[in-house]
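Please open the structure in a viewer and keep its sequence at hand.

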Amino acid sequence: MRDPSGKGFSGEGPSIRTVSVLIQSLCVPCRNRCRHCLLSWDGRTEGSGWERSVRLAERFLGEFRKELPGIEASFAFGYAMEHPHLADALRTLRRLGSPMAGFLQCDGMAMRDAEECARLMELLCGEGIRQLNFTLYGLEEYHDQFAQRRGDFALLLRMMRAAGEAGLPFTTGIMLTKENLSGADALTDLLLEAGSARVALILPHGEGRGEALEAVRVTCGDLARLSPQTRALLNERLYRPESAWIGEPGPETEWKRQILISLRQENIEEYEGRSALNVLREIEALDENYYAAFPSFAELAGMYGDPKGERLYRLRDLYAHYRRLYAREQGLKIYDVTDERLSGSRRFG
């Protein structure tokens, strides 16, 4: 494993095991333009058409389940869950054994009045959806600005009320930043009163447009401004200050990986002419080439880490932050397997 300077890194890392494959088609538009969008949604739908994607996904899933029965394989769609033929889409997901057939992420969906929300919940209950999830970015004014859609906050509350009336459980997440910190306690109370089975505080990821939120990432000191009840909703074993991660074993020491096969307008014809295993091996090689181009987490932390840093990160997001800094400094140009619009990978411990 060599770095661009030719000096070399600390040695070959452990072998990485593929444990799951997700086949996706980003063929459904999202109504929001959220500031942290993982998929950097810009209004263009890049996924291959639904029916063509389903046909190929069905073949690939069959091949994976026959040839690699120890690997979990599934199919999903995005950018949002607002499929124009939602009932049929959910039945297709159920037929293909997709976990998405029982759980719906309700962000970026079409505007609905109370009656339309009630009809949606009736449809979801009838199609076997067992739980919903909603993401909030702050109180109403801030949330709508963050999602870049007026009325989105009110829509989410209407959908929650309709879900409650239909007996459909839902959970909620609050994306916490320095900008919305002052309203977090009130928002938590509001969501619990609305019937959320669980409220979780989550911090911005570092991917897609999430990179732009580095300046408003919360610190340990910021958490002291929250009530004890609200602060308890943040998993502080998962989200730790930068200084606490430095010196820890890197995430690469026990990693597994999920391979993402993204069915796109420009690759669907090529993938149709190939076997699922052939496509899988190609993407695994892209994953390995990508991570081989970077030093280890410990080496990157030595180069870019702040031993006194108080900004809170998940380890995977801090590692991604360091890799971006390294790539810019070195002028490194490499296929980005972490861009979830494309075929690539997600590594995890």
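A contact means heavy atoms within 4.5 Å. In the protein, residues 24 or more positions apart account for 80% of the contacts with a separation of 6 or more. This is a predicted model, in which local features need pLDDT of at least 70, side-chain atom pairs count only at pLDDT 80 or more, and totals for chains, interfaces and linings use all residues. Residues are numbered from 1 along each chain as its sequence is written, and side-chain values use heavy atoms, with hydrogens and water left out.

**The whole chain.** Display the C-alpha trace, which spans about 65 × 55 × 35 Å along its principal axes. Of the 349 residues, 54% count as buried, that is, under 20% relative accessible area with a 1.4 Å probe, protein chains only.

**The cores.** Select I23, F64, L124, L132 and I261, the residues with the most contacts inside the largest nonpolar core, which has 72 residues. Such a core is a set of buried Ala, Val, Leu, Ile, Met, Phe, Trp, Tyr and Cys residues joined through side-chain atoms within 4.5 Å. Next, select residues 152-166: this is helix α5, which gives the most to this core, with eight residues. (Helices are DSSP runs of H or I, at least four residues, numbered from the N terminus.) A second, separate core of 20 residues includes F294, L300, Y326 and L332.

**The cysteines.** How many disulfides are there? With a disulfide taken as a pair of cysteine sulfur atoms within 2.5 Å, the count is zero. Select C34, whose nearest cysteine sulfur, that of C30, lies 6.1 Å away. Finally, select C106, which is buried at a relative accessible area of 1%.

Technical notes: Buried < 20%, exposed > 50% of the residue type's maximum accessible area, 1.4 Å probe, protein only. Helix = DSSP H or I, 4+ residues; strand = E, 2+ residues; numbered from the N terminus.
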